[in-house]
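Subject: A structure for you to explore

Hi there,

Here is the structure I promised to pass on. Have a look around it first, and then read my notes below.

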Number of protein chains: 2
Amino acid sequence: MRIALAQINPVVGDLKQNTAKLIRCCRKALSGGADLVVFPELAVTGYPPQDLLLYNGFILQVEQIIKEELAPLTAGRAPSILTGTPYRVEGELYNAAVFLENGTVKRVHRKTLLPNYDVFDEKRYFTRSPELAVEMMNDLTVAVTICEDIWNDRDFCPHPLYDLDPVEELVRMNAAVMINLSASPYNQGKQSLREKMVGHLATKHGIALIYLNQVGGNDELIFDGTSLVYNNRGELIYRAASFAEELFFIESDALFSRPKQQVSPIKEDIGTIYRALCLGIKDYLAKTGFCSAVLGLSGGIDSAVTAAIAADALGAENVVGLLMPSPYSSEHSVEDARALAENLGIDYRIMPIEKPFLAFLELFNQDGGPAQDLAEENLQARIRGNQIMFISNREGHLALTTGNKSELAAGYCTLYGDMAGGLAVLADVPKVMVYELAAYLNRLHGKEVIPQRTISKAPSAELRPDQKDEDSLPPYPELDPILNLYIEENLSPAEIIARGHRAETVYQVTALVDRTEYKRRQAAPGLRVTTRAFGSGRRMPIARGYDY
Amino acid sequence: MRIALAQINPVVGDLKQNTAKLIRCCRKALSGGADLVVFPELAVTGYPPQDLLLYNGFILQVEQIIKEELAPLTAGRAPSILTGTPYRVEGELYNAAVFLENGTVKRVHRKTLLPNYDVFDEKRYFTRSPELAVEMMNDLTVAVTICEDIWNDRDFCPHPLYDLDPVEELVRMNAAVMINLSASPYNQGKQSLREKMVGHLATKHGIALIYLNQVGGNDELIFDGTSLVYNNRGELIYRAASFAEELFFIESDALFSRPKQQVSPIKEDIGTIYRALCLGIKDYLAKTGFCSAVLGLSGGIDSAVTAAIAADALGAENVVGLLMPSPYSSEHSVEDARALAENLGIDYRIMPIEKPFLAFLELFNQDGGPAQDLAEENLQARIRGNQIMFISNREGHLALTTGNKSELAAGYCTLYGDMAGGLAVLADVPKVMVYELAAYLNRLHGKEVIPQRTISKAPSAELRPDQKDEDSLPPYPELDPILNLYIEENLSPAEIIARGHRAETVYQVTALVDRTEYKRRQAAPGLRVTTRAFGSGRRMPIARGYDY
């Protein structure tokens, strides 16, 4: 038996395009001699379709595609299809894998474990499968599982989230091969974790395991693909591309024999984050109908790294940088921003904010001179936001925001100012990691792309004379670990202090995070690269007390 | 037996203040001769605590309050306590009602039906109760249920969401009285629906039913209180205040006898929406530490209604209006806005946007004159946004946005412009309802508060000469019903057309809604008054296809 595995990049809700893509893969699978072609979780709708699933009209159309467009493709000698899709059984909606054979829907496998934490809301939409079953495919006993179904192994998860381990049950039903259809978003370390877990299952249960993942950026989430095939001794026999589509073939014999060649160990490093962000930018623009981006260049490291990644993702010719100095800008800010733009080969324009700033101050400070208060600091950031949005609106570029996760966490950013834009590229990248990205970019390009002074100078918002980030925040190497424990690990201030951090700093930091939730509620979607990003993965009240 | 019922307004996450409030109520209950004092669902944390529940440190503190501060209050002859709280049993977290008696936690009742739709995410946090049990309290067999537990009656819900009806089970266990602890948010028609449903249960099962609801605005959600007491014949014997706290007493005898006086039928009308919005504004400001608000006054109806409600909610002396005419503003815009401010007695200031506008245009239109394109329209709105935020930042007022639901749905609004602010008062009020509110406000105040011309003139954004909303949108009386079917009823375009709406208009409107999700993602929290508001109740992808 020859199996074609289609690691595809669907567009959420774009049923017509996604179906066309599935059909193209089926043709290639047929001409490649496949007996079966497999697609990821919810491939027809893209993952996550969110509240589109609440529209009956949407579900009807999906079911029609399965029955009238995809099932007929399996008639005659054509390969059967196994694809993820929302599907109703007796009026209940399931996150399903339909097995299409001989022109009809032969069986509907339904997801058993429905994740409802972090960014996942599957219990909002789906009913849990009432049963587990194996499937005979060309004399092979195949167990079909969907994503979370395989993530409840009692050895691997010290605190299993669910009572049932579907893998155990299906192995008991004599499954020889397990095919897992996934839509598993990337975060730092996720690829290694997956290999460890999937390899462990294959070894432990002596089953072959095909893990097929979606690829592509869908709003905040970046799916990395990196599909995996293990033989029944738990040896990795194939690893598909990361951050790219791929259609690949596996012979069932290979699932039960020694690998012909060793697959190199997975390598996850700062370059993986970089590739995730590139795909996140590229897909967000493509899927929202943009082909170019505009952003402000301050001479600082965040905008420099954002611009460099955007240039790599979109092509330098599709990125416009705006240099918007103010009376408080250092001389090097324009120089460094210009050097960056020239290194990258992107278009840039200098648009000083002084004149609009003075025109506003005339309205507000009728007794003369600037007050240099917070209102005026924010005003400068907002004038820049206006300018970026103006160029975005007039010329049709998507505006990228450049703030990093540390700033966003601490609220060290201006609503409608530096937060103005359609996509927050570094919103889930802590400041210390921004420096790593800068160093990586210079290595990757084999030359100084990010100017050295941009990397070495002290971070500053330059909204008043001689301002430095450290006037308001702890140094980033001290700040970032505290933010990590508070946001990613959900530790309370007392628990963070118990880990050895200074009490005063911990309370300062957690208070900043708590009290600036209102800013993040209005932030642009941010690309998720850690285990807990702001956005749908962290749902916090704004009007609240703070006394724990 | 004498029961004290505490319809309280907790602050989400403010354990110290909430506990103090509970203790005060317990003292009053004691001096009022109560045997039992009851608090609403999750009263200790406020509802909804959202991801605060993911912090172990938070849960520990809640449990400590229950055991060390509240349970001891029930020692000796003091009344027992029944209160909603998150609580762990064998390591699992439950949405619980703890029954405290004789100084200890006597029993933990746990919620059986966990809502996970619309704005509710309870399966993200809580485990479902494994059991149902009745409680003997002073010789009365009492069933304790929590909110959703009573909303699955098979007569009342034609399509029950859950397999189990806890009410049926508990009646089978000979419950004579059911106490339901709720945190049920208000929306239009909800009060009547609740009375119908709760009354139906009491009548059908022949049990007395005490329905105790939280009150208060918590971010988007407005809890109305309006707690209810039915005797075992299904007769309403008490209805507590709407949109206000109340501590009231019920004798258990009254639960089983004819009411001494009839409770007047519930009256829900546009005034109910008005009161909800007042509470929503008042609590959002109070709970985020503000006591005054600033907003732009355009002379149009949305800003007029917002200002009038804010003045009623906060006091006219705590509202500042900014009149920000542009070269494209009609003469009557300033006149009408000024008349409104004077009618309301609020502070107002005139801050024309022309000078900053020209300063910006000088940067952007180096070849002269305005282009009158979308970029310039948005720029005007964003200059106003800057001015509002400047006054907000400098003077410490919360900025209110004034856009209505119809505009927000159609994307007829400017990000960082008229959308800039901390709370979107009318975000869930369709335009047609804004007119009803205007008429109501003038009736309520017995004089023209909203100027007649503001009500009668054609809606216009006044961002270019002679602009009218109807140049871009269908007339509101045609638009609003389509939006209602699409957003509140989740009907697809084809289904909406089948209801008799013009196909061309339906496709225009649904496309506008779909393509402007990116704006709503960055909108300020909006007060929810319909069955489906934007925000956490409607979770839509931004990067998506549109072909259904």
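One definition to start with: a residue is called buried when its relative accessible area is under 20%, exposed when it is over 50%, and partly exposed in between. Please also keep in mind that this is a predicted model.

**Where the chains meet**

The contact draws 82 residues from chain B and 82 residues from chain A. About 7,100 Å² is buried between chain B and chain A, and carbon and sulfur atoms give 54% of that area. There are also 38 residue pairs in polar contact between chain B and chain A, counting pairs with both residues at pLDDT 80 or more. Several helices of chain B each supply at least two residues to the side that touches chain A, including helix 1 (15–31), helix 6 (270–288) and helix 10 (374–395). Helix 10 of chain B gives the largest share of that side, 13 residues. Sorted by class, the side of chain B that touches chain A has 40 nonpolar, 20 polar and 22 charged residues.

**Salt bridges between the chains**

Side chains of opposite charge can pair when their charged atoms come close. Over all chains, a search of the whole structure finds 82 salt bridges, and the count between chain B and chain A is ten. In one of these, Asp121(A) pairs with Arg539(B), with the closest N and O atoms 3.2 Å apart. Lys355(A) and Glu362(B) form a salt bridge too, their closest N and O atoms being 3.2 Å apart. Lys355(A) sits in helix 9 of chain A and Glu362(B) in helix 9 of chain B, so this pair joins two chains. Lys355(A) is exposed at 52% relative accessibility, while Glu362(B) is partly exposed at 48%.

**Salt bridges within a chain**

In chain B, the side chains of Glu131(B) and Arg110(B) meet in a salt bridge (3.1 Å, N to O). Glu131(B) lies in the loop between helix 3 and strand 6, and Arg110(B) in strand 5, so the pair ties together parts of chain B that are 21 residues apart in sequence. How accessible are the two partners, Glu131(B) and Arg110(B)? Glu131(B) has a relative accessible area of 44%, so it counts as partly exposed; Arg110(B), with 14%, is buried.

Glu517(B) forms a salt bridge with Arg538(B), with the closest N and O atoms 3.7 Å apart. Here Glu517(B) is in helix 18 of chain B and Arg538(B) is in the segment after that helix. Both Glu517(B) and Arg538(B) are buried.

Finally, in chain A, a network of salt bridges links Glu101(A), Lys106(A), Arg107(A) and Glu135(A).

Happy exploring!

Note on methods. Residues are numbered from 1 along each chain as its sequence is written. Chains are lettered from A and ligands numbered from 1 in the order in which they are written. This is a predicted model: local features need pLDDT of at least 70, side-chain atom pairs count only at pLDDT 80 or more; totals for chains, interfaces and linings use all residues. Side-chain values use heavy atoms; hydrogens and water are left out. Contact means heavy atoms within 4.5 Å. Buried area is the accessible area (1.4 Å probe) that two parts lose on being put together, summed over both. A salt bridge is a side-chain nitrogen of Lys or Arg within 4 Å of a carboxyl oxygen of Asp or Glu. A polar contact is a pair of N or O atoms within 3.5 Å; within protein, one must be able to donate a hydrogen and the other to accept it, and residues adjacent in sequence count only if both atoms are side-chain atoms. Helices (H or I, at least four residues) and strands (E, at least two) are DSSP runs, numbered from the N terminus. Ala, Val, Leu, Ile, Met, Phe, Trp, Tyr, Cys and Pro count as nonpolar, Asp, Glu, Lys and Arg as charged, and the others, Gly among them, as polar. Buried means under 20% relative accessible area, exposed over 50%, partly exposed in between (1.4 Å probe, protein chains only).
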